[in-house]
Amino acid sequence: MITGMKKPCLSDIRFLKTKVFLALLALAVIFGAITFPGFDQAGVMAAEQGAADQEVAADAAATATYAPAPKLTAADYPSIAGINSRVVVWIFAQLHLWFAAFVLAVPIFVFIIEVIGMKTRDKRYDDMAYEFIKVSITGYSLTAILGGGLAFSLILFYPHLFTYLSTIFSESMFYYALLFFAESAVLYIYYYGWHWLQGGFKKWVHLSLGLTLNAVGTTLMLLANAWLTFMMSPAGVDAAGVFSGDAWAAIHNFLWNPINIHRFVANIAYGGSIVGAYAAFKFLTANTPQLRAHYDWMGYNANFIAICALLPLPFAGYYLAAEIYAYSQQMGITLMGGIFAWLFIIQAVLIGTLFLSANYYLWCGMGRSDGAGRYTKYIKYIAIVLVAAFLVWFTPHTLVLTNEELKALGGPHHKILGPLGIMPAKNTAVNIMILFTALSFMFYRRANKVATVSWVNAGNAIQVALFTAGIANILLLGIYHGYFTNTVYKVAASIPQVLTTLIVIVGSITLDSFIYKGATEVGPLKWGRIPERAQYALFLLAVSFTWLMGLMGYIRSGIRQHWHVVDIMRDASPDAFTPTLGYAANVVSVAAILFMAMVMFVFWIAQVSGQKTLPTGYWKE
Amino acid sequence: MDIKGSFIPFLGAMVVCCGLFLALDAVLMNMQGLSLVFHQ
């Protein structure tokens, strides 16, 4: 039974009347302008004066129509069949976001792969791009279905919140729906026209469709991001929640761009990990060496995409968290120092898993080259550094202990491990993990090459110096500014740390390109010569990413605590409390399992779409 | 990663890289209104 549904109130009827009046007025003005174009100068002045008066009246009318944010009671939230409304919306939103991230990211790297194919005229790239987009087509339908489920559950379970948000974002929600038509149309032409639009001018038309698809998809994401960031950092409304009428102010709120950047980069990494899992699935089920070679190559490229986006991702996340602090210190402290801080320890474990599995896949992949033996001896040292940095990253500041343990330790703060629980230690560990992942990748690329330049030893020495000096600088900034200065210096030192990491990565890639100019190959890469356990590293990458996004999605949404819209619209529902960490982790895990089941369905559909059965004797000759 | 006979290039690169990184630190801290060395 639905209770507490809102009846049309007086202000709604007045709002409707005003809209109808303004629409009729606009029609009358247009009709008048078309019908009587030859009126005199006095008429023009009178008309201008009249138009100005009408504009003032329209502005006043518009201001008057926006009501403050509703003050709700528990009775304003419908209860349907005893279902927990928060969990329903939570799971629908998370599933929708996972699929949306996947289907928005795939066209980004498909576009890049198609460009590489056009540039190199290597058809393998075109075939791989087509296969990637084929996987995302089924995902696209599921995204739309889950988006519908989310919209319905918001309207049913949180009608007043949805009404309030749709009043403020009426225009952008309408454009969102229109863009969805455009997205569907372009995607279908892009996919179904792939083999039709081949060669010469047609290929350029196809590439332009890919660019359009990305422009529309990214715009869709930006609009949806505006709605959720408005709930975290509202703008364009006064303290009572009365909308000023400036839709751009509401869209361009304080946290909009930090979320846009973080999600854009994360989506690419996530999309790469999902198609990597698809390639691993196809590799494990392949029954010919040619197919194994093809899917090994596809898995390598997917992992490469995921790593390229994963490396800058912690910086985007750090920027987002810093902006949350800048917007509301209370929200920032809840995020990193309050109830949600322990979830960041779980986050560290999951991100560490991402780095370790991506590196492990690279190390296994070195077996494709006969020249890898020169570099495999260094892998154990990279592994030791990665694990040490990983341990520092997830060391908590204070420990959860029993009374006996507390007495023995003299408090919850461990005197040796405690100092590793603060942010400068984490920043240092993250930067070193990123550098050593880049080093793994450098060794992978060098494995099959033999440098022919005369200064190869000096070049290698400069590479070693660049990494050594960079790591020394990161440690100096982390230890000196982290433990011997105040908080302002600690936060400020994170910026030169990040830039040091970026300079070392860019510098080493540039230097390597000079060292290996005109290099000879040890031999052709043996695609498919990779242990099967490496494919499970790709599965681990996809599962860890999914779990991590679910966890961080809960954190981002949960730091609003008892507010629908922070400081503007209070959540008065029976679920307006922060659940225990175990409960939240269980909901996220159930959602992740549901998503994985759906992804397996998508992979299976892609598999059966290529199979044919010949029913001998069934059809008449 | 053979670096035999390249001690001088290594030493030179270390001096240059360390100098550049410290200069970068100083500039970036200065842009935030702070100095490289902490002052109360």
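# A first look at chains A and B

Let's start with one residue: Thr138(A) sits in helix 4 (residues 123–157) of chain A. Helices here are DSSP runs of H or I with at least four residues, strands are DSSP runs of E with at least two, and both are numbered from the N terminus. What you're looking at is a predicted model, where local features need pLDDT of at least 70 and side-chain atom pairs count only at pLDDT 80 or more, while totals for chains, interfaces and linings use all residues. Residues are numbered from 1 along each chain as its sequence is written, chains are lettered from A and ligands numbered from 1 in the order in which they are written, and side-chain values use heavy atoms, with hydrogens and water left out.

**The two chains**

- Chain A has 21 helices and four strands, while chain B has one helix and zero strands.
- Of the 621 residues of chain A, 48% count as buried; for the 40 residues of chain B, the share is 25%. Buried means under 20% relative accessible area, exposed means over 50%, and partly exposed is in between (1.4 Å probe, protein chains only).
- The accessible surface is about 29,700 Å² for chain A, with 70% of it belonging to carbon and sulfur atoms. For chain B, the figure is about 2,700 Å², with 74% from carbon and sulfur. These areas come from the Shrake-Rupley method with a 1.4 Å probe, and for residues only the protein chains shown count as cover.
- Take the contacts in chain A between residues at least 6 apart in sequence: 85% of them join residues at least 24 apart. A contact means heavy atoms within 4.5 Å.

**Where B meets A**

- On the chain B side, 24 residues are in contact with 33 residues of chain A.
- The area buried between the two chains is about 2,400 Å², and carbon and sulfur atoms give 74% of it. Buried area is the accessible area (1.4 Å probe) that two parts lose on being put together, summed over both.
- A salt bridge is a side-chain nitrogen of Lys or Arg within 4 Å of a carboxyl oxygen of Asp or Glu.
- By class, the side of chain B that touches chain A has 17 nonpolar, four polar and three charged residues.
- A polar contact is a pair of N or O atoms within 3.5 Å; within protein, one must be able to donate a hydrogen and the other to accept it, and residues adjacent in sequence count only if both atoms are side-chain atoms.
- As for the classes, Ala, Val, Leu, Ile, Met, Phe, Trp, Tyr, Cys and Pro count as nonpolar, Asp, Glu, Lys and Arg as charged, and the others, Gly among them, as polar.

**Salt bridges**

- Over all chains, the count comes to nine salt bridges.
- Asp296(A) and Arg368(A) pair up through their side chains at 2.7 Å, N to O. This pair links distant parts of the chain, 72 residues apart: Asp296(A) is in helix 10 (residues 289–310), and Arg368(A) is in the loop between helix 13 (341–365) and helix 14 (373–376) of chain A.
- Both partners are tucked away: Asp296(A) is buried at 0% relative accessible area, and Arg368(A) is buried at 1%.
- Arg529(A) bridges to Asp370(A), with the closest N and O atoms 2.8 Å apart. Arg529(A) lies in the loop between strand 2 (520–521) and helix 20 (532–558), and Asp370(A) in the loop between helix 13 and helix 14, so the pair ties together parts of chain A that are 159 residues apart in sequence.
- Arg529(A) is partly exposed, at 36%. Elsewhere, salt bridges that share partners join Glu114(A), Asp126(A) and Lys203(A) into one network.
- Asp122(A) and Arg124(A) also form a salt bridge, at 3.3 Å from N to O. Asp122(A) is partly exposed at 24% relative accessibility, and so is Arg124(A) at 39%.

**Two buried residues**

- Back to Thr138(A), which is buried at 19% relative accessible area. Leaving aside neighbours within four places in sequence, Thr138(A) is in contact with Val602(A) and Ile605(A).
- Ser573(A) is in the loop between strand 4 (569–570) and helix 21 (581–608) of chain A, and is buried at 6%.
- The side chain of Ser573(A) makes a polar contact with that of Asp571(A), at 2.7 Å. Leaving aside neighbours within four places in sequence, Ser573(A) touches Tyr77(A) and Tyr158(A).

- Most residues other than glycine have a negative phi.
- Arg121(A) isn't a glycine, yet has a positive phi of about 60 degrees. Arg121(A) lies in the loop between helix 3 (85–120) and helix 4 of chain A and is exposed, at 75% relative accessibility.
- Asp567(A), also a residue other than glycine, has a positive phi near 65 degrees. Asp567(A) is in the loop between strand 3 (563–565) and strand 4 of chain A.
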